[in-house]
Amino acid sequence: IGEPSEQWREYRGAPTGTDIECGGWRQEAALRMLNNNLDPEVGEDPENLVVYGGTGRAARSWDAYDAILDQLRDLADDETLLVQSGKPVGRFETHEMAPRVLIANSNLVGKWDDWEHFHELEAEGKIMYGQMTAGSWAYIGTQGIIQGTYETLAELARREFDGSLAGRTVVTGGLGGMSGAQPLAVTMNGGVCVVAEVKGDRIDRRIGTDYLMERADDLDEAMARAAEAAEAGEPYSVGVEANVVDVLETMRAEGFVPDVVTDQTSAHDELEGYYPAGYSVAEADDLRESDPERYVAESLDTMERHVDAILAMQADGAVAFEYGNNLRGQVREHRGREDAFDYPGFVPAYIRPMFCRGRGPFRWAALSGDPADIHRTDEAVKELFPDEEALHRWIDLAQERVSFQGLPSRVCWLGYQSNEDGLTERAEFALRINDLVGEGEIRAPVVVTRDHLDAGSVASPNRETESMKDGTDAVADWPILNALLNCAAGADIVSVHDGGGVGIGNALHANNHVVLDGTDLAAEKARRVFTTDPGMGVVRHADAGYEDAVDEAEESDVTIPMRGG
Ligand code: NAD
């Protein structure tokens, strides 16, 4: 990938303020979001262009990064830049309503769609791992995932523990880009979290950003402090520098059964994401270089032990669920263990009912860099939806507990459900922000984007589309239609990726950005995109036969030509 770019060293994050260096705010937003992904406060390893999730990158090489910035600075309001796996490859005249940037990352043709072929091409510099929001320039640090993790655990608490995790202990692994949200999501729900992480610096980083409360010298100390907090019903989180499998096996040997067991190590990537037990980080890094095949075998052996420990804890009474890292899929695929799926994924368990209603993660970043702009949007979302208690609780908690990283941003889940003017929740809110920008109450434009994990934007049989009612888990027409529809509706950046959180060949997914600069053009784009995009979730789930989705389509007037067959 070459040596870090001089421009990147100078930027050290997104440029802020109201002066722009591009020809318009849409191009400027792309430039700022790309640099935001690579802000040392936001991305995990920006010197290597890695944003999060194993090797999820924002650009293919440092030369490609420089070339993307040059193109964006020069891009006209009626032109579209094409980015193929992190490299700018073409630019055409289109029109104002069209996207300014179109991105495709990591996609391979079905028969060749595996890590082996991907790694060969990657080594030759011909493809890049885009993860989900890394290669689409929509990552906003750990805060981006925090609400989804918080909502998942809140739903789990409602179903299993009378609505709160107070006095409950959650045991998990991983304190990386997204996994680092786990301890804060647990403590926001009142619980106690013990997290194993092999890299000491990741533990310190999460403490530094207030996602994790403390570090323990060893597991005994972590367990003693966790037990004390659980006994007192106090929220508490502690990180321990260890392989998560050693931690789970030790807990088993000592007869400890947590209330909840899950995991967020980068198990989707057995070579560059997950660490095998029995090695220090340095030893494992050396092994990866000297003998990658052995590394993969050791890594998969550890994953099998990992699943065994989770299954055993589940049998002993723990609530077990997978949080989207494909741990179960890896063990089934490479070790033939069908029983790996005896514990559920979080989507069928907790999220799908929301997807049926077109509800999903909606995030926005203040391009001014001014936290006051986000605080104004916080007020706006609460004013617009006065009866949504959970949303209010989330915004209050986020203001109090979630520190900004890079461009000030916020995330919340909004749905399809339309108001009396026929506007969806997402459209209503985006239009309100656009007005606030236009009126000067918000200093500079706001860019609205989302995770690739959303109601109608992803096909991922081991995660978002696990156990679909009609067996269409692997049908990937939906995310492709979603990306095409986002273009048709006028989103400003549209991307479609293979891989992401569950690894190459296991998922296709899409996302969008819309820049709210206070203009009528932005209002038109926002109204269309934030209707069609969540609408895809309703359509996709109604097609699969989910009653909630059929009801939502009826209530919100979504046209589904052959409903009922
Ligand atoms: P990351 O690579 O930034 O962090 C993973 C962390 O796990 C790293 O710090 C690594 O050192 C640690 N680790 C790896 N193997 C370990 C082991 N055996 N024991 C202890 N620690 C170990 O990745 P991330 O962004 O935090 O994401 C983690 C995983 O969770 C990915 O697979 C991602 O796709 C998945 N994820 C899914 C969702 C979702 O479904 N919505 C959300 C968040 C994360």
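**The largest cavity**

In this predicted model, at least two lining residues of the largest cavity come from each of α5, β6 (169–173) and α6 (182–188); helices (H or I, at least four residues) and strands (E, at least two) are DSSP runs numbered from the N terminus. The greatest contribution to this lining is that of α5, with three residues. The lining consists of Thr149, Thr152, Leu153, Val170, Thr172, Gln182, Val186, Thr262, Gln264, Phe321 and Tyr323. By class, five of these residues are nonpolar, six are polar and none is charged (Asp, Glu, Lys and Arg count as charged; Ala, Val, Leu, Ile, Met, Phe, Trp, Tyr, Cys and Pro as nonpolar; the others, Gly among them, as polar).

The volume of the largest cavity is about 60 Å³. Across the whole structure, a search finds four cavities of 30 Å³ or more. On a 1 Å grid over the protein atoms alone, a cavity is a set of points where a 1.4 Å probe fits but cannot get out, a pocket is an open set with protein on both sides within 12 Å along at least five of seven lines, and lining residues have an atom within 4 Å of a point.

**The second largest pocket**

The second largest pocket has a volume of about 360 Å³, a volume being the space filled by probe spheres set on the grid points. Its lining comprises 20 residues, of which Met354, Arg359, Glu388, Ala390 and Trp413 are the closest to the centre of the pocket. Two or more lining residues come from each of the elements α5 (143–160), α13 (346–356) and α15 (389–401).

Helix α5 gives the most to the lining of this pocket, with five residues. The lining of the second largest pocket includes ten charged residues, together with seven nonpolar and three polar ones.

**The ligand and its surroundings**

For Gly54, a backbone N or O atom lies 2.9 Å from a ligand oxygen. A polar backbone atom of Met178 is 3.0 Å from an oxygen atom of the ligand. In the case of Arg202, a side-chain N or O atom is 3.0 Å from a ligand oxygen.

**The chain as a whole**

The chain contains 19 helices and 17 strands. Taken along the principal axes, its C-alpha atoms fill a box of roughly 65 × 50 × 50 Å.

**Basis of the values**

Residues are numbered from 1 along each chain as its sequence is written, and side-chain values use heavy atoms, with hydrogens and water left out. Local features need pLDDT of at least 70 and side-chain atom pairs count only at pLDDT 80 or more, while totals for chains, interfaces and linings use all residues.

Note on methods
Polar contact = N/O pair within 3.5 Å; in protein donor to acceptor, adjacent residues only side chain to side chain.
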